[in-house]
Amino acid sequence: MSRRRGLRAMSTPLASIFGSGFLVIVPILASVVGPWAPLVMAAVCAVAWCVGSTIRFNIRHVEPQLAGKAASSTRSLERSADLALVIAYIISVCLYLHILSAFLLAGLGMDSPFNENLLTTTVILLITIVGIVRGLELLEKLEVWSLAATVLIIALLIGGFAWYDFGVVGVSDWLWPLMPDRGGGVILTVVGGTLIVVQGFETPRYMGDTYSAAERIAASRRAQVVSSLVYVAFVALAVPVVPVLNGDFGDNSLIQLTTVAASVLVAPLIA
């Protein structure tokens, strides 16, 4: 597999994993586990890796059975999984786009429930029209550009938080958020829900018309390795800035954190 083809194959799961999750992952984790957010983020990534390994196992071993004479129970499980995934994707896509709308509109001073719903619906319609008119190939190309912009912003944010933590404040003066007063059930529920942030490793399972099994397995694995390293570093470097929120966590908290750590990145972040 050529390097360019490998990057293209990896772009779809990586774009799905990054999505809009990085906009809210820091305040979400800080609001339930406080200073333990980096370790919890690493644990979530570890669980996601286990689930991704199951997907990759299915690509290698189950797909050939489905293409042949698979048992009726195997086919029933496959159809049930497809139905569950469709429902999960509807929720995931709407959630991500709603977060993105709230984040963008807040940065422009136009945030309201009506505007959020209007922008979210507009984006969904645009994606649908592009998919119907030009097909998935154009959407894949759009994902490459979207992913490049997202990775660039995340890299700048990581650099900005690192500069603030080590260059402006210094390790000895770091402030850590307090552990919130949350019950075990709430913590498990919220942390379990953050799995959706690193979800996307399953998309190569449905790219069989374009890439071989080996290419898709490699794309899924590489996407998870890269995203896990990025997410853990991002959360770890942002946590020392979290106390500036004074316990007020919202969808747009990352803007406040960025304003403190590296205000020059606020405009690119919103864009």
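Predicted model: local features only at pLDDT ≥ 70, side-chain atom pairs only at ≥ 80, totals over all residues.

Reader: How is the packing of two helices described, and at what angle do the axes of H2 and H3 cross?

Author: Helices (H or I, at least four residues) are DSSP runs, numbered from the N terminus. Axes are lines fitted to C-alpha atoms, for helices over the stretch in contact, and angles run from 0 to 180 degrees between N-to-C directions. Here the axes of helix H2 (residues 25–33) and helix H3 (residues 37–67) cross at roughly 110 degrees and come within 9 Å. Angles under 35 degrees count as roughly parallel, over 145 as roughly antiparallel, 65 to 115 as roughly perpendicular and the rest as oblique. H2 and H3 are therefore roughly perpendicular to each other.

Reader: Which residues of H2 and H3 make the contact?

Author: Contact means heavy atoms within 4.5 Å. H2 contributes Ile-25, Leu-29, Ala-30 and Val-33, while H3 contributes Ala-37, Val-40 and Met-41. The contact of H2 with H3 divides into 7 nonpolar, no polar and no charged residues.

Reader: Is the crossing of H1 and H6 left-handed or right-handed?

Author: A crossing is left-handed if the near helix is turned anticlockwise from the far one by less than a right angle, and right-handed if clockwise. The crossing of H1 and H6 is left-handed. Helix H1 (residues 3–18) packs against H6 at an angle of about 60 degrees, with their axes 9 Å apart, and that makes H1 oblique to H6. On the H1 side the contact includes Arg-8 and Phe-18, and on the H6 side it includes Glu-140 and Thr-150. The residues of this contact divide into 7 nonpolar, 3 polar and 3 charged.

Reader: At what angle do H6 and H9 pack?

Author: Helix H6 (residues 136–169) and helix H9 (residues 253–262) pack at about 55 degrees, with axes 9 Å apart. They are therefore oblique to each other, and H6 passes H9 in a left-handed crossing. Among the residues that meet are Phe-161 and Trp-163 in H6 and Leu-254 and Leu-257 in H9. This contact divides into 9 nonpolar, 2 polar and no charged residues.

Reader: How many residues of H2 are buried?

Author: Buried means under 20% relative accessible area, exposed over 50%, partly exposed in between (1.4 Å probe, protein chains only). H2 is mostly covered, with 8 of its 9 residues buried. Its buried residues include Pro-27 and Ser-31, and what covers them includes H3, helix H7 (184–193), helix H8 (213–238) and H9.

Reader: Is Thr-150 buried or exposed?

Author: Thr-150, found in helix H6, counts as buried at 15% relative accessibility. Leaving aside neighbours within four places in sequence, Thr-150 is in contact with Phe-18, Gly-19 and Phe-22. By contrast, Arg-134 in helix H5 (residues 113–134) is exposed, with a relative accessible area of 58%.

Reader: What is a polar contact, and with which side chain does Glu-78 make one?

Author: A polar contact is a pair of N or O atoms within 3.5 Å; within protein, one must be able to donate a hydrogen and the other to accept it, and residues adjacent in sequence count only if both atoms are side-chain atoms. The side chain of Glu-78, in helix H4 (residues 72–107), makes such a contact with the side chain of Arg-205 (3.0 Å).

Reader: What is the phi of Asn-246?

Author: Most residues other than glycine have a negative phi. Asn-246 has a positive phi near 55 degrees. This residue lies in the loop between H8 and H9 and is exposed, with a relative accessible area of 69%.

Definitions and conventions:
Residues numbered from 1 in each chain as written. Heavy atoms only, no water. Nonpolar A, V, L, I, M, F, W, Y, C, P; charged D, E, K, R; others polar.
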